[in-house]
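Biologist: I am new to this structure. Please take one part and walk me through it closely.

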Amino acid sequence: MDSLHCPVTLTTHIIGGKWKPSILYYLQTRVRRFSELQRLLSGPTKKMLTQQLRELESDNIIVRKVYAQVPPRVEYSLTRHGESLRPILRLMSAWGKKHAVRYSGPRQ
């Protein structure tokens, strides 16, 4: 059986990864520039962030808009399809807030 037949597997395939959920979290409220996302995430290399953004764009979750100016300005936002993830992101955020204390200690 193809693992993408499981709806949870399909969802995690599209939005899973170390940085994608956080990227989506920050894009759910407004349009963000690349440098702003990099600063908010404070972790991924430019190459990794670019790769994650390209995958989300390829899956039609986000849209990349390039402005013809010097220096070039690039903005990212959720597509209509990506906006359908907002309830999931809200639930993930609420769960994280509720259980943050439990997981804030040292991990083994």
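Biologist: Let us take strand S3, residues 73-78. Which strands pair with S3, and in what sense? Is Ser 77 buried or exposed?

Modeller: Keep in mind that this is a predicted model. Start with the partners of S3. Strand S2, residues 62-67, pairs with S3 in the antiparallel sense, over six bridges. A hairpin of five residues joins S2 to S3. Strand S1, residues 32-33, also runs antiparallel to S3, and two bridges join them.

Now look at Tyr 76. In S3, Tyr 76 is the bridge partner of Arg 64. Arg 32 stands opposite Tyr 76 too. Tyr 76 also belongs to the largest nonpolar core, which has 19 residues. Tyr 76 is among the members that touch the most others, along with Ile 23, Leu 24, Leu 53 and Ile 62. S3 supplies at least two residues of this core, and so does each of the helices H1 (7-15), H2 (20-27), H3 (34-41) and H4 (46-58).

S3 is mostly covered: five of its six residues are buried. Take Ser 77. Its relative accessibility is 19%, so Ser 77 counts as buried, the cut-off being under 20%. Beyond its neighbours within four places in sequence, Ser 77 is in contact with Leu 27, Val 31, Ile 61, Ile 62 and Val 63.

Follow one of those contacts, Ile 62.

Leu 24 and Leu 27 lead us to H2. The buried residues of H2 are Lys 20, Ile 23, Leu 24 and Leu 27. These four lie on the same side of H2, because they cover an arc of only 95° around the axis. The spacing fits a general rule. An α-helix has 3.6 residues a turn, so residues three or four places apart point the same way.

Arg 80 sits in helix H5, residues 80-83. With a relative accessible area of 76%, Arg 80 is exposed. The C-alpha atoms of Arg 80 and Ile 61 are separated by 7.8 Å, while the two residues are 19 residues apart along the chain. Ile 61 is also one of the contacts of Ser 77. Ser 77 is buried at 19%, whereas Arg 80 is exposed at 76%.

Methods:
Residues are numbered from 1 along each chain as its sequence is written. This is a predicted model: local features need pLDDT of at least 70, side-chain atom pairs count only at pLDDT 80 or more; totals for chains, interfaces and linings use all residues. Side-chain values use heavy atoms; hydrogens and water are left out. Buried means under 20% relative accessible area, exposed over 50%, partly exposed in between (1.4 Å probe, protein chains only). Contact means heavy atoms within 4.5 Å. A nonpolar core is a set of buried Ala, Val, Leu, Ile, Met, Phe, Trp, Tyr and Cys residues joined through side-chain atoms within 4.5 Å. The arc is that of the directions from the helix axis to the C-beta atoms. Two strands pair if DSSP finds at least two bridges between them.
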